[in-house]
Amino acid sequence: MRQLGHAEGDVSFEYRWAGGKYDRLPALAGELAQSKVDVIVSAWSTPAALAAKRATASIPVVFVGVGDAVGVELVTSLARPGGHVTGSTFLSEETVGKLLQLLKEVVPRSARVAIVSNPANPVYVSILKEVEVMGRQLSLQVVRLGIQGPADIEPVFESIRRERLDGLVVMRDFVLITHRERIVELAAKHRRAAGLVHEILNGAKPADLPVEQSSRFELVVNMKTAKTLGTIPEPVLLRADQVLE
């Protein structure tokens, strides 16, 4: 916000944190709406964005890193959101399909793979149906597994072992995020959220601000991790934007 011309103290912030407990989101969003803030920013959580939208019909809402914003009815369309909500979206069926394709290339013998998501996150309802179709096109049977909290993790991996699944794709969800390797990407997306807030504070309406989509994705191969899994095919390494030794 400072880089966009807002001086120190020009904008104050009210923070709310659900700690990964989605059932707390409606109350927290309601608190922000009651405090009559100028803009509500929802970061990296589709359920949080939905809670913010439902908590107010007048306060602008900017979401960051939400998946399938149209499918979960956050906005009417990406080009013309049509209400008091806008932001940036990053997840689509094609993105998850690419992950399956990469998994198949890395482990060509794969026949059955797990897709792990958070059942409490509504964004995956439509996406997972399409991903199952894409899996069949790659001769992969997709097995859905769900983690809503720490207690689910061990049973899920026991299922993976018991079912003898050949691979695992973990969907992006706050509850499932335990590593921070993509901090640079996150910082870049939060920077754009500040730009949307800046435009709203200067009089723009969320209905007129198109929802932004990621236009560039990077493939990063961690060789230390990869060696524990086996040999990485040369075509995958050649396509990688970065190889970490």
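Analyst: A residue is termed exposed if its relative accessible area is over 50%, buried if that area is under 20%, and partly exposed in between. The model considered here is a predicted one.

User: Why is F13 called exposed?

Analyst: F13 has a relative accessible area of 52%. The cut-off for the label is over 50%, so F13 is exposed.

User: What makes the rings of F13 and Y15 a stacked pair?

Analyst: The count of aromatic pairs comes to 1. The ring centres of F13 and Y15 are 6.2 Å apart, with the planes at 25°. Centres must lie within 6.5 Å to pair, and planes under 30 degrees apart count as stacked; the F13 and Y15 pair is therefore stacked. Y15 is also exposed, because its relative accessible area is 66%.

User: Why is L168 called partly exposed?

Analyst: L168, in strand β6, has a relative accessible area of 32%.

User: Which residues form the nonpolar patch on the surface with L168?

Analyst: I153, F157 and V170 form it together with L168, and the accessible area of the patch is about 320 Å². Both α5 (150–163) and β6 (167–170) supply at least two of its residues.

User: How do you know that E73 and S139 are exposed?

Analyst: The relative accessible area is 61% for E73 and 55% for S139. The label requires over 50%, so E73 is exposed, and so is S139. E73 is in the loop between β2 (61–67) and β3 (85–91), and its phi is positive, about 65°, although it is not a glycine. S139 is in the loop between α4 (124–137) and β5 (141–146); its phi, near 60°, is likewise positive in a residue other than glycine.

User: Which residues touch the most other members of the largest nonpolar core?

Analyst: Of its 32 residues, these are I40, F63, L74, V75, L100 and I115. The elements giving two or more residues to this core include α1 (25–34), α3 (93–106) and β4 (112–117), while α4 gives the most, with 4 residues.

User: What is L100 in contact with, leaving aside its neighbours within four places in sequence?

Analyst: The contacts of L100 include V113, I115, V131, L138 and V169. Another core, of 8 residues, lies apart from the largest one; among its members are A114, V116, V143 and L145.

Definitions and conventions. Residues are numbered from 1 along each chain as its sequence is written. This is a predicted model: local features need pLDDT of at least 70, side-chain atom pairs count only at pLDDT 80 or more; totals for chains, interfaces and linings use all residues. Side-chain values use heavy atoms; hydrogens and water are left out. Patches are made of residues with over 30% relative accessible area and no salt bridge: like charges are joined within 9 Å, nonpolar side chains (Val, Leu, Ile, Met, Phe, Trp, Tyr) within 5 Å. Accessible areas come from the Shrake-Rupley method with a 1.4 Å probe; for residues, only the protein chains shown count as cover. A salt bridge is a side-chain nitrogen of Lys or Arg within 4 Å of a carboxyl oxygen of Asp or Glu. Buried means under 20% relative accessible area, exposed over 50%, partly exposed in between (1.4 Å probe, protein chains only). Rings of Phe, Tyr and Trp (its six-membered ring) pair if their centres lie within 6.5 Å; planes under 30 degrees apart count as stacked, over 60 as edge-to-face and the rest as tilted. A nonpolar core is a set of buried Ala, Val, Leu, Ile, Met, Phe, Trp, Tyr and Cys residues joined through side-chain atoms within 4.5 Å. Contact means heavy atoms within 4.5 Å.
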